Amino acid sequence: MQMQLKIPAMHCGGCAQAVRRAVLELDPGAQIDVDLQARTVQIESKHPEENLHQVLAEAGYPPEKAGEAEGYGQQAIADDSSTEAVDEQEAVYRRTMGKFAFAAAIAVPVLLVGLGDYVPALARLLMPYQQVVGLVSAVLSLAVLAWSGAEFFKGAWHNFRNHNANMDTLIALGTGAAWLYSFFVVVAPGLFPVSARGTFFDVAVVVTALVLLGQALEARARGRANAALGALLDLQAKTARVLRDGQEMDLPVAQVRVGDILLVRPGEKVPVDGVIVQGESAIDESVVTGESVPVDKKSGDGVIGSSLNTTGAFRMRATRVGEETTLAQIVRLVGEAQSTKVPIARLVDTVSRYFVPGVAIVAILTFLVWFNLGAPLNLAVVTAVTVLVIACPCALGLAAPISLVAGLGRAAENGVLVRNGEALETASKLTTIVLDKTGTITLGRPELTDVLPVAGFNLDTLLALAAAADRNSEHPLATAIVKGAQARGTQAAEPERFRSIPGQGVEATVDGRTVLVGNARLMEAQNVAMAAFQGDAARLANSGKTAMFVAVDGQAAGILAVADTVKPDSLAAIRAFARMGIEVAMITGDNERTAQAIARQVGIERVIAGVQPQDKAQQVQRLQGEGRTVGMVGDGVNDAPALAQADVGFAIGTGTDVAIEAADITLVGGSLRSVVYAIQISRATLGNIKQNLFGAFIYNSLGIPVAAGLFYPLFGWLLSPILAGGAMALSSITVVLNASRLRLFAPKSVSEA
C-alpha cells in the first residue's frame with residue numbers, strides 16, 4: 001500500500017530521521033521517501049495507514065493525510081498541489097511571525113531588567129524590587145517559552161521518548177536551562193554564591209525569538225520556491241477559441257476536449273497541446289523549452305500548450321488537455337523531483353544523526369569543566385547554554401534541500417526535466433557522453449536520396465517493391481523510403497506478408513515475390529550475394545548516407561540511400577562538451593563508414609558503429625567498466641536499455657515515450673543544447689549545496705569552541721547566548737539567500753560554455 005502523509009511537525013534532518021525510524025520499527029521492509037521541503041512523506045508499506053498514523057503520532061510527528069496515490073506518479077493535479085504548498089508556507093510564516101512578535105514584545109522589558117547587570121545606575125534603581133522584578137521576568141519569560149517556544153519543548157520531549165535528538169532538543173535544553181537556573185536564583189538566592197546570582201531570562205526569551213524569526217524567514221523562502229511552480233502554471237492560457245458545430249466560441253481552457261479544433265491568432269497563447277491542421281506560424285516555445293528563438297510550424301507539426309503564437313493564424317486539433325498537457329506534466333515532474341534527495345544530503349543526515357547528541361555531550365562537559373576549574377557557576381551555565389544554542393543544526397538541515405528546489409526549478413525553466421535529485425547530482429560528475437546518432441545528433445528525419453538498381457531491375461520497380469515492403473514499418477529509414485516513393489509518384493502495393501527483423505530490416509511478400517530491405521547483416525543472414533552492392537555501398541557510406549539493400553526472391557536488386565541532416569546546433573553542443581572536459585562518443589547501428597562521415601561533420605572522434613539495439617546497453621556498461629561516469633542521450637525505443645544502464649540517461653523530449661520513461665532527465669526540446677544546460681545547472685546546484693554545507697559546518701566548527709569558552713583564559717573571548725542565537729538565525733538566512741542565487745543562474749550558450 002502506498003500513501004502520502006503530511007507531517008507539519010517535521011522541520012529538520014533529525015525529524016526526518018525520527019520519522020524514518022518510527023516507520024521502520026513498525027515495518028522494516030517499508031519504502032520511505034521524506035520530503036523535508038514540503039514536510040511530506042511517501043510510504044510503501046504492508047501495514048494499514050491507521051497503524052502508521054499511530055506510530056508517527058507516538059513518535060511526536062502526527063500526520064495529516066496529504067493524499068492517496070496508486071503510484072508515486074499519480075499525485076494531485078500539479079497546480080492544486082503547488083498552490084496548496086504556497087498557502088501552507090504562508091500560513092506557517094504568519095503563525096511563526098505571530099509567535100516571534102509576542103516573544104519580541106516580552107523581550108524588551110526583560111532585556112531592560114537584564115541590563116541591570118551592566119548598568120550600575122539601573123541596578124541601584126531596581127535593587128529594592130530585585131526579587132519582585134525577578135519574579136515578573138520569570139513569569140513573562142515563562143509565557144514566551146510556553147507559547148512561542150512550545151513546539152521546541154514538544155519536539156524535544158517526543159525525541160527524548162524515542163531516544164532521539166534534534167534541533168528542538170538543543171533549543172529546549174538551552175532556553176530551559178537558562179530559565180530554570182535564573183528562576184532558582186530568584187526564589188532561592190541563598191543557594192548560590194553572590195558572584196553566581198545573575199539571571200538569564202533575557203537569554204531564554206531572545207534566543208526563542210531569534211530562532212522563530214529564522215524559521216519564519218525559512219517558511220517564506222520555501223513558499224517562494226513553491227510559488228515559482230505555481231507561476232509557471234499561471235503562464236498557461238485562460239481561454240481557448242473553439243470551433244464546435246460550425247460556430248466559434250470562447251471557452252475556459254478547462255472545457256477544451258481532446259479532438260476539439262481550436263483557432264489561434266497572432267499574439268495569443270496556444271491553449272493546449274495539439275497538432276496544426278491548417279495554417280502556419282512561428283511559435284515562441286521558450287516557456288517550455290527555454291529556447292528563445294521562435295520555431296516555424298506548419299500543418300502536421302505539434303504545438304505545445306502555453307507557448308506563444310507570434311506571427312500567423314492557424315487551426316489546431318487538441319491532443320492533450322488538463323493535467324496531461326506538457327506544462328502540467330513539467331510542473332508535476334519537478335514537484336516529484338523536489339521530494340527526492342541528493343546523495344550528498346544523505347551524508348548530511350548521517351552526520352546530523354550523531355551531531356546533536358554529540359553537542360549535548362559537549363555542553364555537559366563544558367559545564368563540568370568550568371565548574372570543576374572553580375569558575376563562577378553562572379559562567380559554567382552560560383557557556384553550556386551557548387554551546388547548545390549555537391550548535392543548532394538548522395542551517396545544516398536546510399543546506400541541501402533548499403538548493404535542490406531552486407536548481408530543479410531553474411532546470412525546468414530551461415526545458416530540462418530532472419526526475420530525481422540523484423540524477424541532478426550525478427550529471428555534474430559525468431566524464432563521458434554517449435550520443436545516439438539518429439534523432440539525437442541528426443534530425444531523425446532521413447530522406448531518400450538515391451535509388452540504384454542493379455542490372456535486370458529498373459528504378460521504378462525497385463522503388464515500388466521496397467516501398468511496399470517498408471510501408472508497415474515504423475523505422476525512420478523505412479518511412480523515408482515510403483515518403484520518397486510517394487514524392488516520386490510511385491505506387492506501393494499492400495504487402496501480403498510482413499516481418500520486421502530488429503537491427504536488420506524487413507522481409508515482406510509483395511505481389512507474390514519475397515522482398516528483403518535492410519542492411520548488410522540482413523543480406524548476409526539471408527545468403528544474398530553482396531558483390532553487386534559493394535562499390536555503390538562504399539561510395540554512399542563515405543558521403544554520410546545510409547545504404548539500404550534490396551533483394552528480390554533471394555537475388556540482389558539494388559540499393560536505396562537515405563540521408564539524415566545534422567541538427568543545427570549539434571556541432572556547437574559537442575564542442576561545448578569538450579570544453580567542459582567531457583569526452584563524447586557516438587553510438588549507432590549504422591555501418592562504420594556512414595557513422596564516421598556523420599562524426600566528422602560534428603567533430604566526434606570516438607565512434608561505436610554497427611551496434612545492435614540490444615547491445616547498446618552493453619557498450620555503455622563497457623565504458624562504465626573503464627571507470628567512466630557515463631551519460632547516454634537517445635530518443636528511440638532501442639535506446640531505452642542504454643538510457644537505463646547509463647549513470648544518467650537523457651531522453652530527447654521529441655522521442656518515444658519508452659525512452660522518456662527509461663531516462664533520468666528529459667529534454668523538452670529536441671536539441672543537444674539542453675544537455676549542456678542540464679550539466680551546467682547540475683554543476684551550479686551541487687556547488688551551491690557544497691557552499692551551504694561548508695558554511696554550516698564551518699559555522700558550527702568555529703562557533704562551538706568559542707561558545708564553550710575555550711579561548712576565554714587566553715583572550716577573554718566569551719560568546720553571549722543572545723549573540724549565539726542571532727548567529728544561528730543568521731546562518732539559516734544565509735543558506736536560504738545563497739540558494740536563492742540559483743534562481744538567477746543563467747546557463748551559458750553552447751557557443752560560450
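**Salt bridges, a mixed sheet and selected packing sites**

Good morning. I begin with Arg628, which counts as partly exposed at 26% relative accessibility; this class lies between buried, under 20% relative accessible area, and exposed, over 50%, with a 1.4 Å probe and protein chains only. The structure is a predicted model, in which local features need pLDDT of at least 70 and side-chain atom pairs count only at pLDDT 80 or more, while totals for chains, interfaces and linings use all residues. Residues are numbered from 1 along each chain as its sequence is written, and side-chain values use heavy atoms, with hydrogens and water left out.

Which residue forms a salt bridge with Arg628? The partner is Glu583, and the closest N and O atoms are 2.6 Å apart; the criterion is a side-chain nitrogen of Lys or Arg within 4 Å of a carboxyl oxygen of Asp or Glu. This pair connects distant parts of the chain, 45 residues apart: Glu583 belongs to strand β22 (residues 583-587), and Arg628 to the loop between α22 (616-625) and β24 (630-634). Helices (H or I, at least four residues) and strands (E, at least two) are DSSP runs numbered from the N terminus. Glu583 is also partly exposed, with a relative accessible area of 28%.

Over the whole structure, the search finds 22 salt bridges. One of them joins the side chains of Asp553 and Arg513, at 3.6 Å from N to O. Here too, distant parts of the chain are linked: Asp553 sits in the loop between β20 (546-552) and β21 (555-563), and Arg513 sits in strand β19 (residues 513-518), 40 residues apart. Asp553 is partly exposed at 42% relative accessibility, as is Arg513 at 31%.

A further salt bridge, between Arg539 and Asp536, has an N to O distance of 3.5 Å. Both residues are in helix α19 (residues 534-542), three residues apart, which is about one turn of the helix. Arg539 has 46% relative accessibility and counts as partly exposed; Asp536, at 31%, is likewise partly exposed.

I turn now to the sheet. Seven strands form an open sheet with mixed pairing, in the order β14-β26-β25-β24-β15-β22-β23; strands pair if DSSP finds at least two bridges between them. Which strands stand at the edges? They are β14 (416-418) and β23 (606-608), each with a single partner strand, so one side of each has no neighbour in the sheet. On average, neighbouring strands of this sheet are turned by 20° against each other, direction ignored; axes are lines fitted to C-alpha atoms, for helices over the stretch in contact, and angles run from 0 to 180 degrees between N-to-C directions. Strands β22 and β23 run parallel and are joined by three bridges. Ile587 has Ile608 in β23 as its bridge partner.

What packs against the buried residues of helix α21? The buried residues in this helix (residues 592-602) are Thr594, Ala595, Ala597, Ile598, Ala599 and Val602. They pack against α15 (437-441), α19, β20, α20 (570-579), β22 and β23, contact being heavy atoms within 4.5 Å. After α21 comes Gly603, with a positive phi near 80°.

Two buried sites deserve a word. Ala59 lies in the loop between α2 (49-58) and β4 (64-68) and is buried, at 5% relative accessible area. Not counting residues up to four places away in sequence, Ala59 touches Ala22, His158 and Asn162. Asn692, in helix α25 (residues 673-707), is buried at 3% relative accessibility. With neighbours within four places in sequence left aside, Asn692 is in contact with Ala399, Ile402, Ser403, Val735, Asn738 and Ala739.

Finally, the surface. Leu135, Leu180, Phe184 and Val187 make up a nonpolar patch with about 320 Å² of accessible area together. Patches consist of residues with over 30% relative accessible area and no salt bridge, joined within 9 Å for like charges and within 5 Å for nonpolar side chains (Val, Leu, Ile, Met, Phe, Trp, Tyr). Accessible areas come from the Shrake-Rupley method with a 1.4 Å probe, and for residues only the protein chains shown count as cover. Helix α7 (residues 167-187) gives the most to the patch, with three residues. Phe184 is found in α7 and is partly exposed at 40% relative accessibility. Thank you.
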